[in-house]
Amino acid sequence: MWPEMPNNKPSTIHPFPLKGDMQSAITNQPRQKVSFSPDFQEVPEGLGGLVKTQHLFIKQSVYSSVETQYEVLNSEGEKIFMADETTDTSTKAWCRGTKPFDVSILIRSGMYRKEVMKMFGEPRSCGCGGDITLKSAKTTLGTIEHAIEWSYPHYFVRDAEGNDVLQVIGAPTPSCFSFSREPPPGEFNVLLPDGKTFVGKIAKYWNGKEKDVLLKSDVWGVKFPLEMEVTHKALLLGATFLLNFQYQTIE
């Protein structure tokens with residue numbers, strides 16, 4: 001199962017099959033190389049840890065009634081970022097991602113933690129639209145828009161100028177209002193703006209009896225091309241946090 005946890009040999013990723021209106025050449029498309037010249041890339045301050053990274057994991061480290069803290073790890077298990085989510089427990093438990101979203105991405109700077117990216121907005125559930133904005137220390141990186149789509153989760157990833165750079169699409173789901181113990185979508189394809197070319201995936205490890213009992217909390221992973229632009233990697237990291245926020249397991 002993708003993604004592999006750190007310290008395991010990474011496996012090849014493939015798009016999951018899509019149904020209905022989503023049935024297309026997506027599952028048969030070769031992954032298109034996302035090209036740019038890293039020598040001329042402008043890397044936002046504090047996000048240099050993404051340059052030589054193509055696989056990230058988000059692991060919850062602290063959970064309280066007022067704040068949740070996470071570690072962002074690379075494929076070697078090295079911590080490259082910390083994250084604080086300030087959404088309170090009752091909001092996350094009862095509103096299922098429909099209330100304000102506020103996450104800070106931080107690095108260690110001496111004895112202190114320094115904020116290098118901020119994610120905020122008001123996402124909506126069940127295809128009702130909504131979006132979040134991502135900002136670095138000095139500039140806006142882009143936005144992630146939850147499309148108005150009732151049959152399956154669909155997100156548009158846009159740069160600071162509003163141009164579509166990626167799409168994130170999940171498998172069809174019967175109802176995201178359901179409080180069933182059955183897990184909501186756990187795999188999402190990352191596609192180019194054409195909606196057909198597969199370039200990566202966002203996936204979740206579920207914490208439960210039938211899954212890896214060594215996991216103490218749900219873990220989300222995202223994989224993308226190594227040569228992808230750093231700002232686009234940062235936007236996909238934001239999308240992964242958003243999916244964690246909207247599809248968090250309710251115990």
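Begin by selecting Asn74, which is buried because its relative accessible area is 10%, under the 20% cut-off. The structure is a predicted model, and this residue is found in strand β2, which covers residues 68-74. Display the side chains of Asn74 and Glu78 together: a polar contact of 2.8 Å joins them. Asn74 and Lys52 are 22 residues apart in sequence, and their C-alpha atoms lie 9.7 Å apart in space.

**The whole chain**

The chain holds two helices and twelve strands. Followed along the sequence, these elements give the pattern β-β-β-α-β-β-β-β-β-β-β-β-β-α. How many of the 251 residues, as a percentage, count as buried? The share is 49%.

**A loop residue**

Select Ala147 next. Ala147 is placed in the loop between β7 (140-146) and β8 (154-159). Is this residue buried or exposed? Ala147 is buried, since its relative accessible area is 8% and the cut-off for burial is 20%.

**Helix α2**

Now select residues 230-246, which make up helix α2. The helix has 17 residues and reaches 24 Å from its first C-alpha to its last, close to the 24 Å expected at 1.5 Å a residue. With the rest of the chain displayed around the helix, note that 17 of the 17 residues of α2 are buried, so the helix is largely enclosed by the rest of the structure.

Within this helix, pick Thr231. Thr231 counts as buried because its relative accessibility is 14%. Show Glu229 as well: the side chains of Thr231 and Glu229 are joined by a polar contact of 3.0 Å.

**Aromatic pairs**

Finally, display the aromatic rings. The count of aromatic pairs comes to three. Among them are Phe101 and Phe245, which form an edge-to-face pair, with 5.0 Å from centre to centre and 75° between the planes. This pair links distant parts of the chain: Phe101 belongs to strand β4 (residues 101-109) and Phe245 to helix α2, 144 residues apart. Phe101 and Phe245 are both buried.

Move on to Phe188 and Trp220. These residues form a tilted aromatic pair, with ring centres 6.1 Å apart and 35° between the planes. Which elements does this pair link? Phe188 lies in strand β10 (residues 187-191) and Trp220 in strand β12 (residues 219-223), so that distant parts of the chain, 32 residues apart, are linked. Phe188 is buried, as is Trp220.

Conventions
Residues numbered from 1 in each chain as written. Predicted model: local features only at pLDDT ≥ 70, side-chain atom pairs only at ≥ 80, totals over all residues. Heavy atoms only, no water. Helix = DSSP H or I, 4+ residues; strand = E, 2+ residues; numbered from the N terminus. Expected span 1.5 Å × (residues − 1). Buried < 20%, exposed > 50% of the residue type's maximum accessible area, 1.4 Å probe, protein only. Phe/Tyr/Trp six-rings, centres within 6.5 Å; stacked < 30°, edge-to-face > 60°. Polar contact = N/O pair within 3.5 Å; in protein donor to acceptor, adjacent residues only side chain to side chain.
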